[in-house]
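Work through the exercises below with the sequence and the model open. Try each task before reading its solution.

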Amino acid sequence: MSFVNKEFGFNKVYILHQDVAWARAAADEMVKTYFEKSGWTVVGQESFPTGASGFLFALMKAHNGGAQVILPIFDMPESGTMVKQWNSPVYGKVPAVMAGFISPLAGPRAWRVFEARIGGAINCNFELGSAIASKKVLSQWNSSRRNEKKFGKPMEAGHGPAPLGTRCTS
């Protein structure tokens, strides 16, 4: 966001996030630790239940509020629809930069899956292997290859496979 601010002078953001603990916390933390301290105006913040696929009214609120950046924070499969609605020739393209995390946009087939209507969205992948496996981390590379062999296609999500020996305890 600091690059977007410095490069283009943008300072108005609308935050859209999934209504789950990690996404709510990430959105709230961005407001407290970055936007408020960096002179950004948060035009609005809206949460969506897992499984929601109608984002058009929120996108229109962002547009009408003068947002220059839309910050999405989602890992649900339906969230890719948001980018299609944002970049739709039918509804009219929302004139704001889409920059955040939308898990379905990280897969190697995202361009085809979303009918080339994700152009211009900036998707931040924060884990190795979300889009492309790396031989530099052999356990991740091997895990990706096993999954691809088992399921017949590469992983289509924004979260990379966990490192060997890691397990979820929550």
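**Exercise 1. Find what share of the chain's contacts between residues at least 6 apart in sequence join residues at least 24 apart.**

Solution. Start with the term: a contact means heavy atoms within 4.5 Å. Keep the contacts between residues at least 6 apart in sequence; 70% of them join residues at least 24 apart. This is a predicted model, where local features need pLDDT of at least 70 and side-chain atom pairs count only at pLDDT 80 or more, while totals for chains, interfaces and linings use all residues. Residues are numbered from 1 along each chain as its sequence is written, and side-chain values use heavy atoms, with hydrogens and water left out.

Next, list the elements. Helices (H or I, at least four residues) and strands (E, at least two) are DSSP runs, numbered from the N terminus. The chain has six helices and five strands. Their order from the N terminus is α-β-α-β-α-β-α-β-α-β-α.

Last, burial. Buried means under 20% relative accessible area, exposed over 50%, and partly exposed in between (1.4 Å probe, protein chains only). Of the 170 residues in the chain, 37% are buried.

**Exercise 2. Check the length of α2 and say what its buried residues pack against.**

Solution. The expected span of a helix is 1.5 Å times one less than its number of residues.

Now pick out the buried positions: Ala23, Ala27, Val31, Tyr34 and Phe35. An α-helix has 3.6 residues a turn, so residues three or four places apart point the same way. The partners of the buried α2 residues are α1 (2–8), β1 (12–18), β2 (41–48) and β3.

**Exercise 3. Classify the ring pairs Phe3–Phe8 and Tyr34–Phe35.**

Solution. Rings of Phe, Tyr and Trp (its six-membered ring) pair if their centres lie within 6.5 Å; planes under 30 degrees apart count as stacked, over 60 as edge-to-face and the rest as tilted. The structure holds eight aromatic pairs. For Phe3 and Phe8 the values are 6.5 Å centre to centre and 85 degrees between the planes, an edge-to-face pair. Tyr34 and Phe35 have ring centres 5.3 Å apart and planes at 70 degrees, so this pair is edge-to-face.

Then compare surroundings. Phe3 and Phe8 are exposed, whereas Tyr34 and Phe35 are buried. Phe3 and Phe8 also belong to one aromatic cluster with Phe10.

**Exercise 4. Describe the lining of the largest pocket.**

Solution. On a 1 Å grid over the protein atoms alone, a pocket is an open set of points where a 1.4 Å probe fits, with protein on both sides within 12 Å along at least five of seven lines; lining residues have an atom within 4 Å of a point. The lining has 15 residues, and Met1, Met30, Leu71, Gly100 and Cys124 lie nearest the centre.

Assign the elements. α2 (21–35), β3 (69–74) and β4 (97–102) each supply at least two lining residues. The largest share, four residues, comes from α2.
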